[in-house]
Amino acid sequence: MAVTLAPIEVAQARALPEGYTIQRGRPAQAEAMLALITAALDEGHLLPRTLDDLRRHSERFLVIMHGETLVGCAELAPLSGSVAEVRSLVIDAAHRGKRLG
């Protein structure tokens, strides 16, 4: 049974470095998310995902943008009406260490 997530405002605990923004994921960003996840797979940190799965669940993701480039993502996958799991949390290696995650 699929659980629908209500729209949320993305509250930030602290300001991001200049040039970075957080936004809700979109199906058009699935290929960029897959590239980040695949790179992390090679490092042994994440489980594999398919492009179709990422497109289908893209709106459950928050993405970090640096200008027009997607540099990070994380999915909040609902397990029940009150419990969710963080999946596919990854920041591009070139942007790590900048307090984005």
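Which strand does Leu76 lie in? Leu76 lies in strand β3, which spans residues 69-78.

## Basis of the model

This is a predicted model, in which local features need pLDDT of at least 70, side-chain atom pairs count only at pLDDT 80 or more, and totals for chains, interfaces and linings use all residues. Residues are numbered from 1 along each chain as its sequence is written, and side-chain values use heavy atoms, with hydrogens and water left out.

## Overall build

The chain has two helices and four strands. Their order from the N terminus is β-α-α-β-β-β. Helices (H or I, at least four residues) and strands (E, at least two) are DSSP runs, numbered from the N terminus.

The chain holds 101 residues, and 33% of them are buried. Buried means under 20% relative accessible area, exposed means over 50%, and partly exposed lies in between (1.4 Å probe, protein chains only). The chain exposes about 6,600 Å². Carbon and sulfur atoms supply 56% of that area. Accessible areas come from the Shrake-Rupley method with a 1.4 Å probe; for residues, only the protein chains shown count as cover.

Contacts (heavy atoms within 4.5 Å) also reach across the sequence. Take the contacts with a separation of 6 or more: 53% of them join residues 24 or more positions apart.

## The sheet

The four strands form an open sheet in the order β1-β2-β3-β4, with antiparallel pairing. Its edge strands are β1 (20-24) and β4, each pairing on one side only. On average, neighbouring strands are turned by 15° against each other, direction ignored. Axes here are lines fitted to C-alpha atoms, for helices over the stretch in contact, and angles run from 0 to 180 degrees between N-to-C directions. Strands of a sheet pair through backbone hydrogen bonds, either parallel or antiparallel.

How many bridges join β3 and β4? The two strands pair in the antiparallel sense over six bridges. Two strands count as paired if DSSP finds at least two bridges between them. Cys73 has Val90 in β4 as its bridge partner. Helix α1 (residues 30-42) packs on the sheet. This helix touches β2 (61-66), β3 and β4. The direction of α1 makes about 85° with that of β3.

## A nonpolar surface patch

Leu76 belongs to a nonpolar patch on the surface, together with Val86 and Leu89. The three residues have about 280 Å² of accessible area together. Leu76 itself is partly exposed, at 41% relative accessibility. Patches are made of residues with over 30% relative accessible area and no salt bridge; like charges are joined within 9 Å, and nonpolar side chains (Val, Leu, Ile, Met, Phe, Trp, Tyr) within 5 Å.

## Salt bridges

The structure holds eight salt bridges. A salt bridge is a side-chain nitrogen of Lys or Arg within 4 Å of a carboxyl oxygen of Asp or Glu. One of them joins the side chains of Arg55 and Glu31, at 3.3 Å from N to O. This pair links distant parts of the chain: Arg55 is in helix α2 (residues 51-56), Glu31 is in helix α1, and they are 24 residues apart. Arg55 is partly exposed at 39% relative accessibility, and Glu31 is exposed at 52%.

With Asp52, the closest N and O atoms are 2.9 Å apart. Arg56 and Asp52 are separated by about one helical turn, because they are four residues apart in helix α2. Arg56 also meets Asp53 in a salt bridge of 3.2 Å, N to O. Asp53 and Arg56 are three residues apart in the helix, so about one helical turn separates them. Arg56 is exposed at 53% relative accessibility, whereas Asp53 is buried at 15%. Salt bridges that share partners join Arg49, Asp52, Asp53, Arg56, Arg60 and Glu75 into one network.

## Positive phi values

Ser88 is not a glycine, yet its phi is positive, at about 50°. Ser88 lies in strand β4 (residues 84-91). Is Ser88 buried or exposed? Ser88 is buried, with a relative accessible area of 9%.

Arg99, another residue other than glycine, has a positive phi near 60°. Arg99 sits in the segment after β4. Arg99 is exposed, with a relative accessible area of 58%.
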